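This report describes selected local features of one protein model. The sequence and the structure are shown first.

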Amino acid sequence: MIRHDSLRIDPKRRAVLDHKKKQFAAPSFKQQDYPHRLNFYDVPPTAEITLEEFEQWAIDRLKVLAEIEACSYRNKSPQETEAHIEPLLKKFLPLASNLSASAGVVNEQLRNERQKDHYSHFILRLAFSATEDLRRRFVRAETMLFRFRFQKDDSKERHFFIESLNLDWEPVSKDEKQELAEQLASSTPGLRRFDDETWYKVDWERIPELVERRAVFIRKGKAYVPQREQLSMVIADFTMRLEKAMELTSRALPRLDEDDRLTPILNHLSKNFGSAESVYSESEGVVDGAPITAASIDPLSAHFPLCMRSLHMTLRKNNHLKHFGRLQYSLFLKGIGLSLDECILFWRQSFRGFTDDEFNSKYKYNIRHVYGDVGGDANRRGRGYPPYSCQRILSESAPSTGQTHGCPYRHFSVDNLTALLQSTGVHDKDILRGVQEDVEKQRYHIACNRVFEWAHKAEIKKVKEDGSWNQTDLDTIVHPNTYFKRSYLLKSAGRPSKE
């Protein structure tokens, strides 16, 4: 039996803990209350969640942020962005108001929704704090999400939320208001009744949006902000706090290296910002009832994304593809529903310059391996390898001379890319110019989606008007097989599969 006094520590010998380490020494795990729908995410979550929740909640939020960023890149109007984002939020990140409780939504559901929102924000904060570019993009997307929710929130709940923040806004007194009446009135466009307006004084650096618009009066380092510009003040404060928090998170990030459960998940999430690859499953690229055979690949290639179209055109021109091109293309064909036997037939007919013995000895085994027909348990227990996502294709090594795999938007020169697009029927100068701008800014998936929307503009308009497709059926394409399926369904007046 151990005596209690044997565990005593001499005060003179007690180790002095670094204050930064001390805050992590004894975490207190508790369920948090969420009195408001909105959140400034000032307090990190402390309760335990499962590893599955950790990953899935982050993926769901990533899906929303990726679409928000895509809307921004495409210069969609606020109304268009709202129409695009609202169904995604309902599907992946619902967040009901307190008033919903009186309409049948139980408090437990409200708490679960707000907990998911809280945790998913902090998980992605960890994932995107590693580099300055990721931090900047994350803050921008999160600010846009917060703005959208703030504007949609009930006015009473919004008021109570703002009061809970204890923001450092100094009300302008009546005497100062009268003293500066002329300056305040002239610097507030559209002001109708001066006496009914309330102003606040804040440091001018905290409201860059209003300063840029010249919508406030500035004196002695203070900006005089009318109450009706409350949104700008709250948004500016949200952005400022998040930027500072991301800097602190980036410094603490190395401590997570010891946790081999979380690090791979965070790395995977950070690599897929803007594409949300993880939400794709292999079956999503298959079109039920479509005639996917070796003989149908030529006509179906009209629905292929540019990466696969390029591989197909090269194959038809040279009757051959090198290893990585064959691998990328075989996985894609498998993903659209081409059977193993039909895939072997397709490649055998394509490789016209080889005898049966040469084809069987050099190429047939690799095709069977892709499908999981050979390779044992190491090969996904007989399922083979999944089709490559856009992110996988973009992150793979660039093709060398004579190779044709990869993404044309990233790996082709501008001249070669333009020539390839024109050879597939894209001659619109505005589209080609837009693609070039996207490529220069390394927005490769946006360039691909731009071409898709142009090529299917009539069909997209039709399904929107007749209501056969909803907005989530037309979200940003982040997988070559999704590109094929959506193109095939639109051109054949098909309907997307419903969950």
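Cys448 counts as buried because its relative accessible area is 13%, where buried means under 20% relative accessible area, exposed over 50% and partly exposed in between, for a 1.4 Å probe and protein chains only. Cys448 is placed in helix H21 (residues 444-455); helices are DSSP runs of H or I with at least four residues, strands are runs of E with at least two, and both are numbered from the N terminus. Setting aside neighbours within four places in sequence, Cys448 contacts Tyr409 and Tyr483, a contact being heavy atoms within 4.5 Å.

Cys390 belongs to helix H17 (residues 390-395). With a relative accessibility of 17%, Cys390 is buried as well. Beyond its neighbours within four places in sequence, Cys390 is in contact with Val478, His479 and Pro480.

## Basis of the model

The model is predicted, so local features need pLDDT of at least 70 and side-chain atom pairs count only at pLDDT 80 or more, whereas totals for chains, interfaces and linings use all residues. Residues are numbered from 1 along each chain as its sequence is written, and side-chain values use heavy atoms, with hydrogens and water left out.

## Annotated binding site

An unreviewed UniProt entry assigns the feature "binding site" to Cys307, Cys390, Cys407 and Cys448. These positions are spread over 142 residues of sequence, yet they cluster in space, with a largest C-alpha distance of 10.0 Å. Cys307, Cys390, Cys407 and Cys448 also belong to the lining of the largest cavity. A cavity is a set of points, on a 1 Å grid over the protein atoms alone, where a 1.4 Å probe fits but cannot get out; lining residues have an atom within 4 Å of a point. UniProt positions follow the numbering used here, feature names are shortened, and annotations may be inferred rather than shown by experiment.

## Surroundings of Leu474

Leu474 lies in the loop between helix H22 (457-466) and helix H23 (480-491). Its relative accessibility of 10% makes Leu474 buried. Not counting residues up to four places away in sequence, Leu474 touches His84, Ile460, Lys464, Trp469 and Arg486.

## Aromatic pairs

Across the whole structure, a search finds 28 aromatic pairs. Rings of Phe, Tyr and Trp (its six-membered ring) pair if their centres lie within 6.5 Å; planes under 30 degrees apart count as stacked, over 60 as edge-to-face and the rest as tilted. Phe146 and Phe150 form a tilted pair, because their ring centres are 6.0 Å apart and their planes stand at 35°. About one helical turn separates Phe146 and Phe150, which are 4 residues apart in helix H5 (residues 132-152). Phe146 is buried at 4% relative accessibility, and Phe150 is buried at 3%.

The pair of Phe304 and Tyr329 is edge-to-face, with 6.3 Å between centres and 75° between planes. Phe304 is in the loop between helix H12 (297-300) and helix H13 (306-318), and Tyr329 is in helix H14 (residues 323-335), so this pair ties together parts 25 residues apart in sequence. Both Phe304 and Tyr329 are buried. Ring pairs link them into a cluster whose members include Phe332, Trp347, Tyr363 and Tyr488.

## Charges over rings

The charged end of Arg125 sits over the ring of Phe122, 4.2 Å from its centre. Lys177 lies over the face of Phe194, 5.2 Å from the ring centre. The criterion requires NZ of Lys or CZ of Arg within 6 Å of the ring centre and within 35 degrees of the ring normal.

Note on methods:
On a 1 Å grid over the protein atoms alone, a cavity is a set of points where a 1.4 Å probe fits but cannot get out, and a pocket is an open set with protein on both sides within 12 Å along at least five of seven lines; lining residues have an atom within 4 Å of a point.
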